Amino acid sequence: MATETDPQTGPGDATGETRTPFGEVSRLSGIVFEYLTLAASMFGILSLGILLSYVFWDAFGLETADPVWYAVLVGTVGLPLVGQALYARRNPVAGEVALELGSTLLGGVLAGLALVVVLEVIAGSEVWFAYFLTTVLPLGSLYVYGQRNEATWVGLAALGVLIVGPAIGTAALDPLTTVAGLFGGPGIYLLSMVLPAALLCRYLVGEFLELGNGDYAAGATLALAVVGIPVVDTVGVARSVWLLFLVALVMPFGIVVAKTLAVPERRVGFVAPAVIIVGIGLLAVLPETVGVAGPSPWFDWQYVTSNPSRFADQAGLYPAIIGSVFMIVAVAILTLIVGVGTAVYLEEYAPSSGIAASVVRLIRINISNLAGVPSVVYGLLGLAVFANTLRLGFGTVVTAAFTLSLLILPIVIISSREAIRSVPDSLRDASYGMGATRWQTVRNVVMPRAIPGILTGTILALGRAIGETAPLIMIGVATSIYSTPSGLFDKISAMPMQIFVWASFPGEEFQYGVLAAGVVTLLVVLLTMNSIAILLRNKFERSEI
Amino acid sequence: MSKNENTITTEESTDADPKTTDEKLISTEVTTGTETGRTAAGGRTIIEARNVDVYYDDLRALDDVSLQIPEGQVTAMIGPSGCGKSTFLRCINRMNDLVDAARVEGDLLLKNKNVYDDDVDPVALRRRVGMVFQEPNPFPKSIYDNVAYGRRIQGLDGDMDEAVEQALRRAALWDEVKDQLDKSGLDLSGGQQQRLCIARAIAVDPEVVLMDEPASALDPIATSKIEDLIDELAEEYTVVIVTHNMQQAARISDKTAVFLTGGELIEFGDTEKIFENPEHQRVEDYITGKFG
């Protein structure tokens, strides 16, 4: 460094070179790079945003709405929302409460819908009863026992129940469903859902949150269930649906409301949700009374509850929604068990030296490669192995679930491995150093820290699976189907298949209306799945402190 | 368990005149563990290594190490980085088993039983030999759950609250955390975290506590607290500590083992003698800072 200031000669010596000590250093390339990356991300976000706006515009039929309707929309929903947002900045507690109430409400509705779809539409209450008795009830009892007592055998017993329970339930399905028939649907839910929920309510209100007398809360839940029955009879809602929604929506919402009421400074949080709910009600009523045309959405209640049709007005996505949800639940169970199991083995148990290690390394590399195989190839595999060789049927739930599971397994394994590897070795050392067995270490130290990451990766992969079309075409999934599946071997349709076939229908109504509504439905299901994953992840991240 | 309790009682009865912590803090000269009056207890050998070699694949990490660690004393292992002192420590509770590439030859006896015998379960061994690591590594759980962890996984009966309090008291942490047992162990300061790790290790009443540079990531004040604690632990447990800090070894240990590069044990003996009058020139060079 000839220009380095030499203390003996000082700056500006014989060479004539001087160095400006505080001059500007060129950052040109850095600035160019910064704006290039900004442009790249803006390009992606904008193009996706424009596409989605088109889809939503079509799906909700917004072009038919009168300008006055938009004014009412802004007045009744938009302004209160903005007001709430501004107020929440000044009073974070209000925002927090509003968010809690809103998410409980929305989550309750979604959970209720999911329960109704899974228990009423797909399985039937008698089948639920069989598995409740053999699996859910023992597991729940073991969990409660494990929470109250220090017992190491509980975990093993739970694992046993998880394996044996469903097997017994399946074997004894006939006698158990006959017994269940004696209770009837509402009776089953009263026993298997409302009663445990009331007990949970008693614990939450009485012990965990300490809001008041838990017995009263449990009694109120049971009383509400019974009192609600004549009410829903007159309204025309099925009793089973009422009981399921009581458990999924009414009880949690009631607890959140009680929790909020208990703290005076949190009560202000009720204002915003109330105003917004009233606003939505006004929006539904006002324009009609004034005589202003609202939007005529394709995406409406009729759409999500009807079968497909050749008439655009009557077309619906119901069987495809049920098919997709059923399939994705099966895929989720399969991939979580197989994928997380593989990842745990590869990271925690697999040998790291010798010949066995080379085999393991080969497996690891190949799993990574499998993640890049085109989905249509997996479709071909599903067709050959599951549909033809194993005779699981063309286009059935089980074939589709196996095929899509294979498709996303590599992604689930890779992301789960990353999550497990991110658990610091120092924690493993600490656990082993205490004399923990490998299983105890995995169970108590590794998994609690890895679960948030595992869930994130799995949900992203499931999102890919639910939108997948090519492998479904290969295994012969029907494009349109007019009944909902009620068992693993029933034929299904899936949302992307139905959307795909609508794109080829003649007529603008299908191409621009029904199709767009289908895309919106798919996105809603996807976003719901993602938000459930985020909620679960946050819960686990918080629970480990 | 009962054996362990016996050990503790003998320790206490033979420990005639332990200097108090205050006295030690006042004295400016380097006090070695030998001067604190534990020598009387240090009779029996609890850990004995006979010609122990350790290989990582083909790399030799320990070269023919033989030594005898006395019961109820603090034994320090010093030496430059990579000299094999941590490897030796990890042999004692078979933590090296977790490294597939590691291979141990020779005999390592704990209470006259070779821990590398086929009928020794390393998990059971580690329940008798506790370990504290270089970086404080509390679990991301509450303080209470951290201390209770060992007792839970070992299925130990008894009053858990009592055991947790006892362990925290013995680790000199109780007064600082007794009102916040539900708080995460990670919210504590580095020194407190390390004392929490020590509490976690002694909550299951091990016979030996191994410490792998327990104070190297801590500031001087936290280090001095840990050193005081080690001194007190030696009343009940056999402590084997690896350290980079020679003054620390001189302050807290009764016996010192000097490892030099190549995994060789150069000298082993009373700390006083090693630091004042070592037999080997290399040891003297290392201790006086001429090399290493």
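I began with B:Lys111, which is partly exposed because 16 other C-beta atoms lie within 10 Å. My cut-offs: a residue is buried with 20 or more other C-beta atoms within 10 Å of its own, exposed with 12 or fewer, and partly exposed in between, with C-beta atoms placed from the backbone. I noted that the model is predicted, so local features need pLDDT of at least 70 and side-chain atom pairs count only at pLDDT 80 or more, while totals for chains, interfaces and linings use all residues. Residues are numbered from 1 along each chain as its sequence is written, and chains are lettered from A and ligands numbered from 1 in the order in which they are written.

**Two loop residues**

I looked up where B:Lys111 sits: it is in the loop between β4 (102-110) and β5 (113-114) of chain B. Helices (H or I, at least four residues) and strands (E, at least two) are DSSP runs, numbered from the N terminus. The phi of B:Lys111 is positive, near 50°, and this residue is not a glycine.

In chain A I found A:Arg391, also not a glycine, with a positive phi of about 55°. Its loop runs between α13 (375-389) and α14 (397-421) of chain A. Is A:Arg391 buried or exposed? A:Arg391 is exposed, as 9 other C-beta atoms lie within 10 Å.

**Chain B and its strand β8**

I read off twelve helices and ten strands for chain B. Of the 292 residues in chain B, 47% are buried. I then checked contacts (C-beta atoms, placed from the backbone, within 7 Å). Among those in chain B between residues at least 6 apart in sequence, 71% join residues at least 24 apart.

Next I picked strand β8 (residues 238-242) of chain B. Five of its five residues are buried, so β8(B) is largely enclosed by the rest of the structure. A handy reminder for me: side chains in a regular strand alternate between the two faces of the sheet. On one side of β8(B) I found B:Thr238, B:Val240 and B:Val242, and on the other B:Val239 and B:Ile241, all buried.

Which strands pair with β8(B)? Strand β3 (residues 74-78) of chain B does, in the parallel sense over four bridges, and so does β7 (residues 208-212) of chain B, also parallel, over five bridges. Pairing here needs at least two bridges found by DSSP. B:Ala76 stands opposite B:Ile241, and B:Asp212 stands opposite B:Val242. From β7(B) the chain crosses through helix α9 (residues 220-233) of chain B to β8(B), a right-handed β-α-β crossover. Right-handed means that, with the strands pointing away from the viewer, the path from the first strand over the helix to the second runs clockwise.

**Two helices in chain A**

I turned to helix α3 (residues 92-123) and helix α11 (residues 318-349) of chain A, which pack at about 105° with their axes 11 Å apart. Axes are lines fitted to C-alpha atoms, for helices over the stretch in contact, and angles run from 0 to 180 degrees between N-to-C directions. These two are therefore roughly perpendicular to each other. The classes are roughly parallel under 35 degrees, roughly antiparallel over 145, roughly perpendicular from 65 to 115, and oblique for the rest.

I listed A:Val117, A:Val121 and A:Ile122 in α3(A), which meet A:Ile322, A:Val325 and A:Phe326 in α11(A).

Definitions and conventions:
Contact = placed C-beta atoms within 7 Å.
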